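Good morning, and thank you for coming.

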Amino acid sequence: MFRLIYTSSQSSSFDRLGFEQLCDTASRNNHAVGVGGLLLCNDLEFMQCLEGPHNAVASIYKRITQDSRHTDIRLLMSEPASERLFNNWSMVGLAIKPRSVLSAEPIAYTLLDHRLYWPWKSLGTSAVDLMFEYAKVKSELEKAGDTGPLSKVFEVYQP
Ligand SMILES: Cc1cc2nc3c(=O)[nH]c(=O)nc-3n(C[C@H](O)[C@H](O)[C@H](O)COP(=O)(O)O)c2cc1C
């Protein structure tokens, strides 16, 4: 098993439809080769985690780096891993809602990490911590049988 995490800058901003289409393609292709992960999207950037067999992850990543919908791709982590962070997710997209539209309802503290709204590039390699935190949140919510709180902070797209 291999894990790869990168950040990139969006070439043009993504609307909901563009993001859904991207997640659909990613999910379909990844599922076919046993790859999974998470695609995070804020107003300007992407951060993606790809997990699966080394060759499959490498060839998907190569295709991704050639995609003109984003630029300035920075590889943050690329290493063998013993277990998946995002089991059963062939590619789930979480687009972060603008802070201004977040509801006033109490939101799980962990989900509202202020670093969500920082340019991820400014975090350097510690941006990977966000991925690990969201994996933890995901597994806690699943254990509690309620992934609903995710949609308070994110536009969740799970093909
Ligand atoms: C931010 C971003 C993330 C992407 N993630 C994936 C992915 O996980 N898997 C994938 O197959 N394609 C992904 N793509 C799309 C690929 O660059 C490429 O368009 C796609 O794999 C082509 O698939 P198709 O030949 O089935 O149309 C991503 C593109 C972008 C911009």
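I shall go from the chain as a whole to one strand, and then to the surroundings of the ligand.

Please keep in mind that this is a predicted model. The chain contains four helices and six strands. Read from the N terminus, the elements follow the order β-α-β-β-α-β-β-α-α-β. The radius of gyration is 15 Å, close to the 15 Å that the globule rule gives for 159 residues, so the chain is as compact as a globular protein of that length. Along the principal axes, the C-alpha atoms fill a box of roughly 45 × 35 × 30 Å. Of the 159 residues, 30% are buried. If we take the contacts between residues at least 6 apart in sequence, 79% of them join residues at least 24 apart.

A word on annotation. An unreviewed UniProt entry lists residues 1–92 as "domain: BLUF". In the model, this span is 32% helix and 38% strand, and its end C-alpha atoms are 19 Å apart.

Let us now turn to strand β2, which covers residues 36–41. How many of its six residues are buried? The count is six of six. Gly36, Leu38 and Leu40 point one way from the strand, while Gly37, Leu39 and Cys41 point the other way, and on both sides the residues are buried.

Which strands pair with β2? One partner is β3, which runs antiparallel to β2 and is joined to it by six bridges. These two strands form a hairpin, with three residues between them. Another partner is β5, residues 92–96, which runs parallel to β2 and is joined to it by four bridges. Here Leu39 stands opposite Gly93 of β5.

Finally, we come to the ligand. Around it there are 17 residues, and those that come nearest are Ala26, Asn29, Phe46, Asp67 and Arg69. The elements that give two or more residues to this shell are α1 (16–32), β3 (45–52) and α2 (54–65). Which of the elements gives the largest share? It is α1, with five residues. Sorted by class, the shell has eight nonpolar, six polar and three charged residues.

Notes. Residues numbered from 1 in each chain as written. Predicted model: local features only at pLDDT ≥ 70, side-chain atom pairs only at ≥ 80, totals over all residues. Near = placed C-beta within 6 Å. Nonpolar A, V, L, I, M, F, W, Y, C, P; charged D, E, K, R; others polar. Rg over C-alpha atoms; globule rule 2.2 N^0.38 Å. Buried ≥ 20, exposed ≤ 12 C-beta atoms within 10 Å, placed from the backbone. Contact = placed C-beta atoms within 7 Å. UniProt positions renumbered as here; feature names shortened; annotations may be inferred. Pairing = 2+ DSSP bridges.
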